[in-house]
Amino acid sequence: MKIFVDTADLKEIRRAAKAGLIDGITTNPSLLSKVLGDRSLADCLKEIADAVDGPVSLEVLATDTDGMVAQGRELASIAENVVVKVPLTEDGLVACRQLRGEGIGVNVTLCFSPSQALLAAKAGARFVSPFIGRIDDISHEGMGIISQIREIYDNYGFETEILAASIRHPLHVVEAALLGADIVTVPPEVLWKLVNHPLTDRGLERFIEDARKADIEIPTRESAEA
Ligand code: G3P
């Protein structure tokens, strides 16, 4: 399963890329609004697209087909790895088909049902983004749609990849993986939580302590650099 990071924060993106933990990036207007400050949007998007060797989803703001297609072309011209994110609306599906016809990869976002995901696949989406956490937020079981979409796509051999989004905690990641999502996109805080386990920390402390007691030399960062 591929892991994308769901953020526009370059510091976090670079940290995750340096650790070799991510295969791509997803952004949305809300995430960009948190980091933009007084920087130009164009510069910010270019830096994000260059920060990782993998697909980077950038979202259109137009809501009509022509506007989405025009903005999608602009976004796609930023870098070769850009995937254009369009909303799962009638106009968005038409724009998806059109952009796809021009060889531009599309991520159909704001997907909340298997029927919507079926239409995204038929429109030729490269990725479909079901929003798990937001379904949970309204007291429905978000993860259920991942298994339904998986089954539908497998029944008909659709190549659209299921990109589980709106991920709020590590268990969402595990469940999405068990249900066969192709990709999970996680906020940085969830990514780092995936790494941590208190028993790992405790186990490591004990190994170091035992080595010290036996006078075994423990390399430090400084000694490694020397
Ligand atoms: O990738 C979509 C995601 O950013 C939405 O997450 O937490 O705002 O529902 P959230």
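**Group meeting: an aromatic cluster and a ligand site**

Okay, let's start with Y153, which is buried at 0% relative accessibility; buried here means under 20% relative accessible area, exposed is over 50%, and partly exposed is in between, with a 1.4 Å probe and protein chains only. Quick housekeeping: this is a predicted model, so to speak of local features we need pLDDT of at least 70, side-chain atom pairs count only at pLDDT 80 or more, and totals for chains, interfaces and linings use all residues. Residues are numbered from 1 along each chain as its sequence is written, and side-chain values use heavy atoms, with hydrogens and water left out.

Back to the rings. Phe, Tyr and Trp rings (the six-membered one for Trp) pair if their centres lie within 6.5 Å; planes under 30 degrees apart are stacked, over 60 edge-to-face, and the rest tilted. That rule gives four aromatic pairs. One of them is Y153 with F158, edge-to-face, at 5.7 Å centre to centre and 70° between the planes. F158 is partly exposed, at 23%. Y156 and F158 have ring centres 6.3 Å apart and planes at 50°, so that pair is tilted. Y156 itself is exposed, at 61% relative accessibility. Together, Y153, Y156 and F158 make one aromatic cluster.

Now the ligand. Which residues are around the ligand? They're D6, N28, F131, R134, A165, S166, R168 and T185, where being near takes a heavy atom within 4 Å. By class, that shell has two nonpolar, three polar and three charged residues.

For polar contacts, the cut-off is a pair of N or O atoms within 3.5 Å. A side-chain N or O atom of D6 is 2.5 Å from a ligand oxygen. R134 has a polar side-chain atom 2.6 Å from an oxygen of the ligand, and for N28 that kind of distance is 3.1 Å. On its own the ligand has 310 Å² of accessible area, and the protein covers 81% of that (Shrake-Rupley, 1.4 Å probe).

Methods: A polar contact is a pair of N or O atoms within 3.5 Å; within protein, one must be able to donate a hydrogen and the other to accept it, and residues adjacent in sequence count only if both atoms are side-chain atoms. Ala, Val, Leu, Ile, Met, Phe, Trp, Tyr, Cys and Pro count as nonpolar, Asp, Glu, Lys and Arg as charged, and the others, Gly among them, as polar.
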